[in-house]
Amino acid sequence: MSRTWWKESVVYQIYPTSFMDSNGDGIGDINGIRQKLDYLKSLGIDVIWISPMLESPWDDNGYDISDYRRIQKMFGTMEEYELLLKEAHERGLKILMDLVVNHTSDEHAWFVESRSSKDNPYRDYYIWKPARDGKEPNNWGACFGGSSWEYDEKTDMYYLHCFSKKQPDLNWENPTVRAEVFDMMDWWCQKGIDGFRMDVISMISKDPQFPDGEVTNGLYGNASPYCCNGPHVHEYLKEMNEKVLSKYDIMTVGETAGVTIQEAKKYAGYDSSELNMVFQFEHVEIGDGRLGKWTTSRYDFMELKKILSKWQRELHGSAWNSIFWGNHDQPRAVSRFGNDAPEYREISAKMLATCLLSLQGTPYIYQGDELGMSNPRFENITDYRDIESLHAFQEYTEAKLISEEEMLECLKLRSRDNARTPMQWDDSANAGFTSGTPWIGVNKNYPEVNVKAELADENSVWHYYQKMIAVRKAHLGLIYGAFTLLEDEHPQIFAYKRKYEKETYFVACNFSDAEAVLSLPEEFAAGCECLISNYGRETYEDTVKMKPYEAFVLKI
């Protein structure tokens with residue numbers, strides 16, 4: 001297995017709106033990120049993935065881009081972005097840009113032209129269809145509620161939008177669209193960015209038949225089988241690689257909804273000539289119910305263990321994993337996979353860090369997870385800002401599929417806004433995020449959970465993340481080693497070996513709030529070194545009685 005910088009990197013995701021506000025308008029910005037570069041460097045990360053900061057009407061928090069070559073004014077200027085690149089590079093940090101090219105904003109110049117007339121040169125930049133029996137071309141439901149089709153009165157046709165109606169899907173079958181996208185990507189590479197995180201990139205090729213989808217929630221048909229991993233997606237990505245990616249030493253990761261192991265090997269296989277790695281979402285979708293993610297069900301640990309192990313085992317030697325607990329679209333990691341009750345928040349956050357940073361693949365840490373930030377548990381629908389959450393609340397409660405009280409409980413656990421509350425820097429007003437009024441409410445626990453307090457406490461979650469990152473970087477076996485699942489039937493413990501050349505490691509994580517008994521593998525029982533332990537345990541007998549959420553890494 002060849003060594004590369006992006007396999008050995010640890011990525012930190014910044015959601016710029018909520019990271020650091022430098023000018024008091026309540027919204028994070030580029031200069032706020034620049035102020036915190038030394039903080040990120042001290043944590044030990046290598047790459048910063050920043051969610052979109054390009055010009056946008058902000059219907060979906062910047063994932064609706066109206067100009068791919070202009071910085072959104074509320075974030076700053078292009079000159080400030082170029083300074084951010086320069087100052088990050090001076091510190092040995094790389095910048096990963098969020099590339100959103102499945103769709104644009106309906107305010108993008110291309111779409112303004114496209115909808116102006118049927119014979120406009122830009123008409124074929126998007127996907128237009130005539131009515132079927134006086135209605136939408138098919139029954140597909142959009143990810144943010146409602147139909148995937150929006151009627152345009154001027155030309156008496158419908159355009160496709162898999163997300164918001166203000167996010168029309170680009171027509172990647174049009175070679176001119178692909179050429180426009182590739183030219184824009186090359187422009188950013190020449191500016192010196194270090195790679196791309198590609199938003200919903202598995203959706204750029206649709207089934208040309210546009211068939212009806214299965215109706216599962218009583219409202220709309222499921223479009224996923226016809227929009228994800230479509231017939232030409234790999235052809236388009238190979239072309240992207242040939243025209244742009246192969247010309248630069250950059251890192252690429254694709255967000256690939258609906259991806260399977262076999263598809264992942266096509267996207268990110270060592271000989272695929274497409275992407276370096278992809279995000280898969282099997283583990284974060286555990287527990288989804290009749291209304292998809294909108295449920296109060298807890299995840300099934302045995303299923304989690306099975307899914308993580310499958311991806312570790314089956315991609316080894318053929319493709320590279322990307323590993324994560326959370327991001328801007330997921331609830332807080334400690335609330336979803338750990339335990340955010342006061343007595344367990346810190347120890348379970350450290351356990352999750354141990355697991356994340358000891359698996360094969362490039363790890364992604366979402367801002368605030370290094371503090372053990374938790375879901376804010378907003379009490380009122382008026383506290384939410386996320387388009388997906390607001391539309392789902394309205395659509396499902398009006399259809400009487402769920403009560404308002406039940407839906408609020410679902411939002412407290414699964415809304416995207418759980419991860420979007422401001423970064424908690426200190427115990428001053430608004431957690432030190434802004435001197436103004438924050439665009440979304442701050443988590444009430446910020447007086448206790450914040451950067452200032454954790455930097456001052458050597459036993460904090462932050463210091464544990466710093467140490468675990470250093471442990472990973474000091475031991476190539478934790479990066480490249482083969483994965484072997486142990487204790488596969490244990491209902492509480494995720495335990496595995498990592499083996500690389502002459503190095504062998506043993507990792508054990510108790511995912512429960514109860515003690516659990518574990519037998520060490522024979523070769524470790526004979527004597528081993530503890531690289532890290534979230535309880536500070538130093539000696540290990542043949543049989544270990546693991547405490548709630550205990551985790552450790554041993555090396556022979």
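Visitor: Where does the model come from?

Guide: The model is predicted.

Visitor: Why is the contact between Glu-8 and Arg-3 called a salt bridge?

Guide: The N to O distance between the side chains of Glu-8 and Arg-3 is 2.6 Å. A salt bridge needs a side-chain nitrogen of Lys or Arg within 4 Å of a carboxyl oxygen of Asp or Glu, so the pair qualifies. By this rule the count comes to 36 salt bridges.

Visitor: Is Glu-8 buried, partly exposed or exposed, and what about Arg-3?

Guide: Glu-8 has 22% relative accessibility; buried means under 20%, so Glu-8 counts as partly exposed. Arg-3 has a relative accessible area of 51%, and exposed means over 50%, so Arg-3 is exposed.

Visitor: What makes Arg-69 and Asp-183 a salt bridge?

Guide: Their side chains meet at 2.8 Å, N to O, and the limit is 4 Å, so the pair counts.

Visitor: How do you know whether Lys-293 and Glu-388 are buried or exposed?

Guide: The relative accessible area is 17% for Lys-293 and 13% for Glu-388. Both values are under 20%, so both residues are buried.

Visitor: What joins Lys-293 and Glu-388?

Guide: A salt bridge between their side chains, at 2.9 Å, N to O. Lys-293 lies in the loop between strand S11 (277–279) and helix H9 (301–315), and Glu-388 in helix H12 (residues 387–398), so this pair ties together parts that are 95 residues apart in sequence.

Visitor: Which residues are linked with them in a network of salt bridges?

Guide: The network links Lys-293 and Glu-388 with Asp-60, Asp-329, Asp-386, Arg-416 and Arg-420.

Visitor: How do you know that S11 and S12 pair?

Guide: S11 and strand S12 (residues 320–324) are joined over two bridges in the parallel sense. Pairing takes at least two bridges, so these strands pair. Val-278 stands opposite Asn-321 in S12.

Visitor: In what order do the strands close into a barrel?

Guide: Eight strands close into the barrel in the order S1-S2-S5-S9-S10-S11-S12-S13, with parallel pairing. From one strand to the next the twist averages 25°.

Terms used: Residues numbered from 1 in each chain as written. Predicted model: local features only at pLDDT ≥ 70, side-chain atom pairs only at ≥ 80, totals over all residues. Heavy atoms only, no water. Buried < 20%, exposed > 50% of the residue type's maximum accessible area, 1.4 Å probe, protein only. Helix = DSSP H or I, 4+ residues; strand = E, 2+ residues; numbered from the N terminus. Axes fitted to C-alpha atoms, helices over the stretch in contact; angles between N-to-C directions.
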